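Here is a set of questions for a first look at a structure. Keep the sequence and the 3D view at hand.

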Amino acid sequence: MPSLPKNRAVEFFDTQFQRQVTATEYALNPFERAILPFVFGEVLDLGCGLGNLAIAAAMQGCRVTALDASPTAIADLARRASEQRLPITAREADLGHFAVEGQFDSVIAIGLFMFFAKDVALEGLARVKELTKPGGIAAVNVLIEGTTYLDMFEPGEYYLFSENELPEFFAGWTPEYLKVESFPAPQETVKRFCTLVARRP
Ligand SMILES: C[S@@+](CC[C@H](N)C(=O)[O-])C[C@H]1O[C@@H](n2cnc3c(N)ncnc32)[C@H](O)[C@@H]1O
């Protein structure tokens, strides 16, 4: 199947993933580590990257559908899943306009929606809600500060969320985990992320 046309963010990550695959650098990031205990059942991982979370979730008994636009990440995840005989379906998809049907116990989007224009990001978040079964969880992480990090992208191609936007978006759901974290960034700035795990009533 031909690869999808890549945008700047995907090209950036694809190059990073090629380096990580060559170096066999596979580790859960802090956001993935934090949400893993909440993940259960049928899982949809949007913007799965190298799929470290997909692998960890499958190892704890989940069945995972993992989507990303990076051909390197998807090919490598499919290879690892097959070698370890894990129930993971890894598929290339442009999540700027994605067509996923059905509902899942756990819908995950870690570090994805800030790479979309505002309307696309908010549509994506609304889809996350619809795709989560009643009693299931949505686990979302977005950037809320860190313009130097996003400078590499075209203006209008990304969206910096406000600090309360995720919890407000999931109002009425039960918040199981909510954390705002800062990390050092270039030019003595910080990048700040919000991570939310919310359970659908
Ligand atoms: C910051 S990485 C996060 C990866 C993974 N969730 C993690 O936590 O390590 C952002 C991911 O979003 C993917 N991505 C960015 N834009 C995308 C798009 N339009 N469609 C699908 N995936 C996209 C990138 O390829 C990359 O894997």
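Predicted model: local features only at pLDDT ≥ 70, side-chain atom pairs only at ≥ 80, totals over all residues.

Q: Which element supplies the largest share of the lining of the largest pocket?
A: The largest pocket holds about 890 Å³ of space. Elements that each give at least two residues to its lining include helix H2 (30–35), strand S4 (104–110) and strand S7 (189–199). The largest share, seven residues, comes from H1.

Q: Which residues lie nearest the centre of the largest pocket?
A: The lining of this pocket has 42 residues. By class, 24 of them are nonpolar, 12 polar and six charged. Those nearest the centre are Phe-13, Phe-17, Asn-29, Ile-110 and Gly-111.

Q: How many charged residues are in the lining of the second largest pocket?
A: The second largest pocket has a volume of about 150 Å³. Its lining has 13 residues, with Asn-7, Phe-115, Phe-116, Ala-117 and Glu-157 nearest the centre. Of the lining residues, six are nonpolar and four polar, and the charged ones number three.

Q: In which sense do S4 and S5 pair, parallel or antiparallel?
A: S4, helix H5 (residues 118–131) and S5 form a right-handed β-α-β unit. Over six bridges, the sense of the S4 and S5 pairing is parallel.

Q: What is the bridge partner of Glu-145 in S7?
A: Strand S5 (residues 132–145) is mostly covered, with 10 of its 14 residues buried. S5 also pairs with S7, in the antiparallel sense, over eight bridges. In S7, the partner of Glu-145 is Arg-192.

Q: Why does Thr-24 count as exposed?
A: Thr-24 sits in the loop between H1 and H2. The cut-off for exposed is over 50% relative accessible area. Thr-24 counts as exposed because its relative accessibility is 57%.

Q: What is the phi of Thr-24?
A: Most residues other than glycine have a negative phi. Thr-24 is not a glycine, yet its phi is positive. The value is about 40 degrees.

Q: Where is Arg-85 found?
A: Arg-85 is not a glycine, but it has a positive phi of about 50 degrees. At 77% relative accessibility, Arg-85 counts as exposed. Its place is the loop between helix H4 (71–83) and strand S3 (88–92).

Notes. Residues numbered from 1 in each chain as written. Heavy atoms only, no water. 1 Å grid on protein atoms, 1.4 Å probe; cavity = no way out; pocket = protein on both sides within 12 Å on 5 of 7 lines; lining within 4 Å. Points joined across faces, edges and corners; volume = space filled by probe spheres on them. Helix = DSSP H or I, 4+ residues; strand = E, 2+ residues; numbered from the N terminus. Nonpolar A, V, L, I, M, F, W, Y, C, P; charged D, E, K, R; others polar. Buried < 20%, exposed > 50% of the residue type's maximum accessible area, 1.4 Å probe, protein only. Pairing = 2+ DSSP bridges. Right-handed = clockwise from strand over helix to strand, strands pointing away.
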